[in-house]
Amino acid sequence: MWDSETLFSDDQTLAAGDSDNIVHVSGDIGGGNPVVLQVNTSGGASGGDLVVVLKTSSLASMAGAKEIARYTVPVVKAATGGVVLAATVPTGCQNFLQLSYSGATGGTITAGLVLAAQTNR
């Protein structure tokens with residue numbers, strides 16, 4: 001289930017660049033109960049593989065952001081659509097998180113933090 005407070009992208013056009021939203025997490029969320037990064041595409045992606053980078057910063061501006069995880073989704077999977085990525089957020093989060101996308105373009109992307117990934121379409 002999506003929560004507007006933890007959405008990085010909400011039907012954002014899939015193109016190289018940063019997610020529309022920055023998520024405030026108030027410190028490390030990688031310990032304790034797992035939190036999942038779920039990424040869905042609408043389908044229609046083309047070009048190269050979709051690369052999703054999870055960045056963290058202590059500042060809301062994302063100044064000095066550091067990469068804490070990198071995921072590669074084959075373009076064929078991104079082109080099909082649905083849930084294309086569900087991964088546990090690693091430890092090492094600061095107060096703010098943001099995603100960056102590269103590779104595949106076309107269609108839209110919805111991505112956010114969830115407590116359990118939806119695996120059906």
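# Fold, sheet and selected residues of a predicted model

The protein contains 1 helix and 9 strands; helices (H or I, at least four residues) and strands (E, at least two) are DSSP runs, numbered from the N terminus. This is a predicted model, in which local features need pLDDT of at least 70 and side-chain atom pairs count only at pLDDT 80 or more, while totals for chains, interfaces and linings use all residues. Residues are numbered from 1 along each chain as its sequence is written, and side-chain values use heavy atoms, with hydrogens and water left out.

User: Which pattern does the protein follow along the sequence?

Analyst: The protein has 1 helix and 9 strands. Read along the sequence, the pattern is β-β-β-β-β-β-α-β-β-β.

User: What share of the residues in the protein is buried?

Analyst: Buried means under 20% relative accessible area, exposed over 50%, and partly exposed in between (1.4 Å probe, protein chains only). Of the 121 residues in the protein, the buried ones make up 45%.

User: Among contacts between residues at least 6 apart in sequence, what percentage joins residues at least 24 apart?

Analyst: Contact means heavy atoms within 4.5 Å. Among contacts between residues at least 6 apart in sequence, the share that joins residues at least 24 apart is 80%.

User: In what order do the 4 strands of the open sheet stand?

Analyst: Two strands pair if DSSP finds at least two bridges between them. The edge strands, each pairing on one side only, are S1 (7-13) and S7 (82-88). S1 is joined to S9 (residues 108-114) by 4 bridges, and S4 (residues 36-41) pairs with S7 over 6 bridges. The pairing is antiparallel and the order is S1-S9-S4-S7.

User: Which residue in S9 is the bridge partner of Gln 12?

Analyst: S1 and S9 run antiparallel. The bridge partner of Gln 12 in S9 is Ile 109.

User: Is Asp 11 buried or exposed?

Analyst: Asp 11 lies in strand S1. Its phi is near 55°, a positive value in a residue other than glycine. With a relative accessibility of 52%, Asp 11 counts as exposed.

User: What is the relative accessible area of Met 62?

Analyst: Met 62 is placed in the loop between strand S5 (46-57) and strand S6 (66-73). Here too phi is positive in a residue other than glycine, near 65°. Met 62 is buried, and its relative accessible area is 9%.

User: Which residue in S7 stands opposite Gln 38?

Analyst: Gln 38 is in strand S4, and S4 pairs with S7 in the antiparallel sense. S7 is mostly covered, with 5 of its 7 residues buried. The residue of S7 opposite Gln 38 is Ala 86.

User: Which side chain does a polar contact of 3.1 Å join to that of Gln 38?

Analyst: A polar contact is a pair of N or O atoms within 3.5 Å; within protein, one must be able to donate a hydrogen and the other to accept it, and residues adjacent in sequence count only if both atoms are side-chain atoms. Gln 38 is buried, at a relative accessible area of 2%. The contact of 3.1 Å joins its side chain to that of Asn 40.
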